[in-house]
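Have a look at the model first, then read on.

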Amino acid sequence: MKTSIIGFPRIGAKRELKFATESYFKNQSSQTELLAKVQELKSQNWKIESESQLNFIPSNDFSLYDNVLDVAFLLNIIPKRYRNLGLDNLDTYFAAAKGYQGKAGDVKALPMKKWFNTNYHYLVPEIEDDAHFELVGTKIFDDFSSAKNLGYSTKPVLIGPFTFLKLATYKNKKASDFATEISNCYIQILEKLNLLGADWFELDEPALVKDLSQADIALFNEIYKPILSSKGTVKVLLQTYFGDVRDIYEDLINLSFDGIGIDFIEGKASFDLIKQHGFPSDKTLFAGLVNGKNIWRNNYQKTLDSLDLLSQSAKNIVLSTSCSLQHVPVTVTSETNLEHHVKASFSFATEKLDELEELAELFEQNDQRENSTILKANQELHQSFKRAENPEIKERLASLTSADHVRTPIRSERLKIQKKRLKLPLLPTTTIGSFPQTPEVRVNRKNYRTGEISKAEYEAQLKSFFKEVISLQEDLGLDVLVHGEFERNDMVEYFGENLSGYVFTKFAWVQSYGTRCVKPPIIFGDIQRERPITVETSAYAQSLTSKPMKAMLTGPITILNWSFPREDINHESQATQIALAIRDEVLDLEAAGLPIIQIDEAALREKLPLRQSDWYSEYLDWAIPTFRLTHSGVKPETQIHTHMCYSEFEDIIQAIDNLDADVISFEASRSSLDILRGLKANHFETEVGPGVYDIHSPRVPSIEEIEQVLHKILQIIPQEQVWVNPDCGLKTRRNEETIRSLKNLVLATKQVRTTL
Ligand code: GLN
Ligand code: ZN
């Protein structure tokens, strides 16, 4: 049995890609140096893959920033505003990725969106009306050749034309207008790969796991029929992931693909599809049975049983992962501080390669499997697995009633009481919580962590940061202040570290977007708050100012979604355990005198099931009440805020209103202000702070620009309901641009207030 993966993490075991790219951005290294580092990382990955005996080694899974953007640049879908900067190819690419402000001009980045149900973000391709798909790039060929020169025969992978068109945005045209053009480009790519001597070509089409209309299916056929009829000797693998392909399975098996990649981990209907409709004997099934998203050791017996089952329907099977391994960290071996039994239960990207190899070998052994020491060791690992369980928490969970999820009085009553208490001007200005994590801020945390400075020294330093940022906000004239989050490395890890039941890693980074990586903590046992977490800090911050201070917490759904969850209990139970911990924290903050508490749910939208029919039954029906559990105990005069990132929540507006927060801030600047019309149409009651500028780019918005945005907002949303804020936390920015941006935000607001 052969083995395959869809992609490998590109950031490097120690985030080498991040550091190399950022150094280039800061003009501290040249393009040549950056590209040399990139080449080194690619070669390293191929080496690891080849040493693990992986049969289908991918190439072109690597990206300098994002694979979707790579396709756009490969196929000449580069909006004019970037091309017109007149920069070289690489800098044009980075301008589209993260915006550009300099000698050549001033342009915003392309919008970013979550990649399906993951915490990875891709850059949304923008297809202008006069755009033409044309094969102008060479990356996929260069990567293939460079691997070949190193002695690796690889399977080039590329995001497929259907998914690309589905993810793109258009002005007056639509996806189907570009079907022939894009089809022709992929034909040319195949021709070139033929010449270069590729065996297989993998086209990733995750968009197929979503609900598909008849028009979608027709479009898919229209694009793929010409491609498949001119494929030459290269075998074409259609790879899907993140779910099942129930709407198009029959079409897929009737088209002349040589291989079809199916996800049997997240694809609920995948086994049934194969059983019901069979799998053609002239095709290879790339069976995604090793979870590409979780970090737990594979249960070999279970996987072998699945393989046996699939073998009844499919003759040719290649064992694969359920999705690209870019969603898990690089290797467990970097983790030297974990207890042995904990470490033994983990499997990151590199270890998953070993699992594939062992499983393939075990499968071949048929009736000899029972005697295999590898299988026995794996069974023992799973049997001896002990989690820290806590009867107290179980009891608390069991005693919850529906009243625990309802805050009284109703929101309109509360808001009146809060208005009296807070005495804020119209269009109150605020920020989302974090201020720039300057080198000094990071060094302080690091020195404390490594024991270089004492707790007292660390805290004294923190206090001076809080003082500084609070007086900065007072000088800027912001209305609701924050403490800046200088004590936090990450909004989830920070809370995880203060909750029992979590396990932390040192290097288990996963790419979130571009050079930004996150290190999701791991839920290992039952979750409980050991002690108050933020109360002292928030109370101190409030003591420094007469303006209202907004305390900052991360919500249970986001903590869960940005952690690696357990698999032995469901997500709802894990989220409820976390919610109870946050609820205790909320009540302590209120008791300490904090008038406003923000409970961030940055990642709520992210785990919405990909199929609309599952949205409520599988997710929102428990996620919304779980959030409400965190704040239902507060007094009417305490104002509850929440915040969501990349809020494509047009279609779940009612559910968001049902979080029953008093105020919500969300990203709106990069994705235009379309969402506002939806809020109006749905009689959205929560007060709203649609982000008035994009913090994911160092670009400073002008006063006029922000004024314009505010006028647009006020045309749709009643002025009493509007807050003014950036679209997310400022931690990734530098002080320099932050101060200039916030100054403009306050001035623009003051200007607009005079017109009301
Ligand atoms: N309060 C957090 C911050 O400002 C929110 C971050 C986020 O939404 N991702 O950093
Ligand atoms: Zn955010």
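1. Helices (H or I, at least four residues) and strands (E, at least two) are DSSP runs, numbered from the N terminus.

2. Some housekeeping: residues are numbered from 1 along each chain as its sequence is written, and chains are lettered from A and ligands numbered from 1 in the order in which they are written. This is a predicted model, where local features need pLDDT of at least 70 and side-chain atom pairs count only at pLDDT 80 or more, while totals for chains, interfaces and linings use all residues.

3. Back to H28: its buried residues include Thr-738, Leu-742, Leu-745 and Val-752. Buried means 20 or more other C-beta atoms within 10 Å of the residue's own, with C-beta atoms placed from the backbone. Helices H19 (455–476) and H27 (703–716) are among the elements covering them.

4. Asn-60 has a positive phi of about 70° without being a glycine, in the loop between strand E2 (57–59) and helix H3 (67–74). Asn-60 counts as buried because it has 25 C-beta neighbours inside 10 Å. Phe-242, also not a glycine, has a positive phi of about 80° and lies between strand E11 (235–239) and helix H10 (249–254).

5. One for the geometry check: the Thr-408 to Pro-409 peptide bond is cis, with omega near -10°. Pro-409 is in the loop between H16 (391–398) and H17 (411–422).

Technical notes
Buried ≥ 20, exposed ≤ 12 C-beta atoms within 10 Å, placed from the backbone. Contact = placed C-beta atoms within 7 Å.
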